[in-house]
Amino acid sequence: MKLLLVMTFLFRQAFSGSPSVQIGGLFPRGADQEYSAFRVGMVQFGMADFRLTPHIDNLEVANSFAVTNCFCSQFSRGVYAIFGFYDKKSVNTITSFCETLHVSFITPSFPAEGLNQFVLQMRPDIKGPLVSLVEYYKWEKFAYLYDSDRGLSTLQVILDTAAEKKWVVTAINVGDLKDDSKDEAYRSLFQDLEIRKERRIILDCEQDKVKDIMEQVITIGKHVKGYHYIIANLGFLDGDLSKIQYGGANVSGFQIVDFDEPVVAKFDQRWEALEEKEYPGADTRIRYTSALTYDAVNVMTEAFRFLHKQRIDMSRRGNSGDCLANPAVPWAQGVEIERALKQVRVDGLTGNIQFDQHGKRTNYSVTIMELNNKGPLKIGFWNEEDKMVQTKLDNSNNDTQGLENKTVIVTTILEAPYVMLKKNAEQFQDNDRYEGYCVDLAAEIAKHCGIRYKLRIVGDGKYGARDAETKIWNGMVGELVYGKADIAVAPLTITLVREEVIDFSKPFMSLGISIMIKKPQKSKPGVFSFLDPLAYEIWMCIVFAYIGVSVVLFLVSRFSPYEWTLEEPEDGALPLTTESTNEFGIFNSLWFSLGAFMRQGCDISPRSLSGRIVGGVWWFFTLIIISSYTANLAAFLTVERMVSPIESAEDLAKQTEIAYGTLDSGSTKEFFRRSKIALFDKMWQYMKSAEPSVFVKKTSEGVQRVRKSKGKYAYLLESTMNEYIEQRKPCDTMKVGGNLDSKGYGIATPKLSPLR
């Protein structure tokens with residue numbers, strides 16, 4: 001920073017009495033780093049011969065009216081050349097003014113189509129390097145995603161070459177997508193490309209759009225092995241490649257700024273020393289557009305230094321300051337400045353800087369880059385004479401080599417009864433240390449395929465899930481995705497999300513999500529346990545039937561003449577009264593019904609036909625009830641019963657006393673997170689907000705939590721494992737309810753693996 005302040009002071013002192021060279025600058029809003037590079041260049045290349053005085057305007061380059069206004073404002077100030085940016089909407093406006101007024105325009109924007117005499121293109125053309133790279137990879141079918149804001153010249157060259165070489169190219173414009181729906185549009189686009197089996201894709205976009213696209217590529221899992229992307233801009237290292245680095249996909253691109261060059265390394269040291277507050281954007285590595293801006297200042301400095309030495313009169317006279325004059329008056333010295341700019345030959349941050357007669361870069365070199373799990377790697381370079389030259393051959397990811405000479409890495413997880421350490425495992429080595437269902441399955445697969453293999457326990461102890469923030473896969477799935485293992489033989493559930501990034505075999509075991517709870521305490525008979533053989537509703541029906549039959553018997557006895565009798569006198573005595581009596585009053589009717597129900601009989605019985613029918617029906621009813629009750633009473637009193645607090649997922653969801661959770665980073669958690677069923681979504685909302693967390697890192701941890709929670713925690717896991725644990729000592733867990741879904745375990749391999 002001190003060095004830069006000293007340079008600025010000397011720069012101003014030296015120019016205090018020197019001629020002034022007016023330079024215009026048109027910067028789009030948000031181009032902070034480019035503007036900082038412009039200012040640094042002004043200081044760095046300033047000489048005592050003359051003074052460069054910049055006039056800066058910030059504008060929306062997509063607004064043609066604003067561009068016209070700023071250009072005319074710059075021209076009226078008497079600028080000798082203008083540096084600036086344009087886009088598809090403003091390029092024609094700028095080139096038209098330049099041609100009419102003979103004002104040179106130096107730009108790092110994308111190369112404009114056609115021949116423009118007074119426009120100097122700092123950015124080299126990428127058409128040649130891109131076609132050469134496609135030919136190097138021998139692509140014959142690929143998708144070409146382009147941003148129409150950068151023009152269509154590169155697309156036209158690709159299509160012309162495709163017609164000549166019989167390539168099959170799917171061209172898609174991604175430049176007109178609205179910001180509020182672009183993420184969903186990108187995901188839908190790549191899903192359509194997957195349906196078409198398009199896994200080789202060229203991204204002809206600037207880095208900000210490449211970043212947005214790559215974020216969605218990672219989200220939907222299209223950054224894994226089997227996919228290949230070419231980023232068709234000159235700033236391969238400008239983007240954040242860390243998220244896609246370990247995905248397994250092949251990513252290639254181009255780099256115009258070689259940070260290994262001494263000139264660039266020296267500048268990089270000065271750049272890092274700048275204060276970010278004074279020079280916005282200096283806190284990050286310089287982008288290629290900023291490097292082109294810095295080099296543009298160098299070119300202008302060299303050109304005007306040459307003109308100053310030649311003592312060429314560059315004064316502005318008459319109405320040459322009016323860009324809208326009719327007729328337009330071109331600047332007489334504009335041609336001299338244009339020629340001087342095109343004759344400049346310097347070495348800058350972007351390599352050799354040289355222009356042809358049309359103002360386009362020539363004799364330049366572009367570095368070809370590839371991304372692997374170790375980071376960006378130079379694999380060659382491209383120039384106009386030699387085309388693409390390969391400098392490094394990387395065979396580390398060659399999948400064509402035979403499996404017979406390779407030891408296949410089998411990733412798995414310690415989970416009983418699938419993979420377990422033997423009791424005396426320390427006495428064995430390698431695969432012999434393990435036992436279990438999946439161990440035997442891996443051995444049979446190796447025997448059938450004739451391959452050598454090595455079992456390796458997954459480092460983080462997880463099955464595999466994608467992190468919501470970094471989009472990086474962990475567990476066994478991550479080891480397959482990022483090339484750390486060749487195959488996974490484990491109780492790995494087949495899910496739609498996992499199938500997007502890895503391949504599965506047919507299921508070797510069917511299962512579903514089930515509920516594990518602690519086995520409830522057995523209940524002993526109580527004082528009223530004699531009521532247990534019949535339900536509460538049955539007892540109530542019996543009471544109402546008893547009362548109803550008694551009332552009916554009372555009524556029929558009152559209406560039947562056979563139930564009315566005269567009292568007989570004792571030993572031939574005269575009758576005391578002539579009134580008849582009825583034995584089935586209401587209390588006697590109740591007593592008769594109760595005696596029949598208790599199988600004890602009664603000293604009175606009905607005499608009428610209707611009364612006897614009622615009594616017979618009641619006797620038959622009580623016979624059935626008493627027989628059923630007697631048969632079940634002994635079992636209910638002698639067998640100890642277990643009362644389960646929950647019986648299904650519905651019971652879990654509608655209560656809060658018993659907590660429930662799943663394995664973290666597993667398919668069960670993913671099932672609830674993605675489910676659209678109201679019941680499961682309600683359970684997921686509870687689980688993700690529960691405090692303390694209801695998720696566990698390992699299945700064994702979940703089982704122990706069930707056992708120690710005294711019935712206050714339920715664990716959701718695969719039914720096969722639930723049933724296995726239920727049968728193992730201490731036999732204190734149990735499975736309740738049915739399975740919540742249906743799925744299977746499968747053997748997993750990376751996408752397009754030869755083992756598939």
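In helix H16, Ile542, Tyr546, Val549, Ser550, Leu553 and Phe554 meet Ile586, Ser589, Leu590, Phe592, Ser593, Leu594 and Phe597 of helix H17, where contact means heavy atoms within 4.5 Å and helices are DSSP runs (H or I, at least four residues) numbered from the N terminus, as are strands (E, at least two). Welcome to a predicted model, in which local features need pLDDT of at least 70, side-chain atom pairs count only at pLDDT 80 or more, and totals for chains, interfaces and linings use all residues. Residues are numbered from 1 along each chain as its sequence is written, and side-chain values use heavy atoms, leaving out hydrogens and water.

**The largest cavity**
- A cavity is a set of points, on a 1 Å grid over the protein atoms alone, where a 1.4 Å probe fits but cannot get out; lining residues have an atom within 4 Å of a point.
- The largest cavity has 17 lining residues, with Phe110, Pro111, Ile126, Arg150 and Thr154 nearest its centre.
- Its lining divides into seven nonpolar, four polar and six charged residues.

**The second largest cavity**
- Here 16 residues form the lining, and Tyr463, Leu663, Ser667, Thr668 and Glu718 lie nearest the centre.
- Helix H20 (667-674) and strand S29 (713-718) each supply at least two lining residues.
- S29 gives the largest share, four residues.
- The lining comprises eight nonpolar, five polar and three charged residues.

Notes: 1 Å grid on protein atoms, 1.4 Å probe; cavity = no way out; pocket = protein on both sides within 12 Å on 5 of 7 lines; lining within 4 Å. Nonpolar A, V, L, I, M, F, W, Y, C, P; charged D, E, K, R; others polar.
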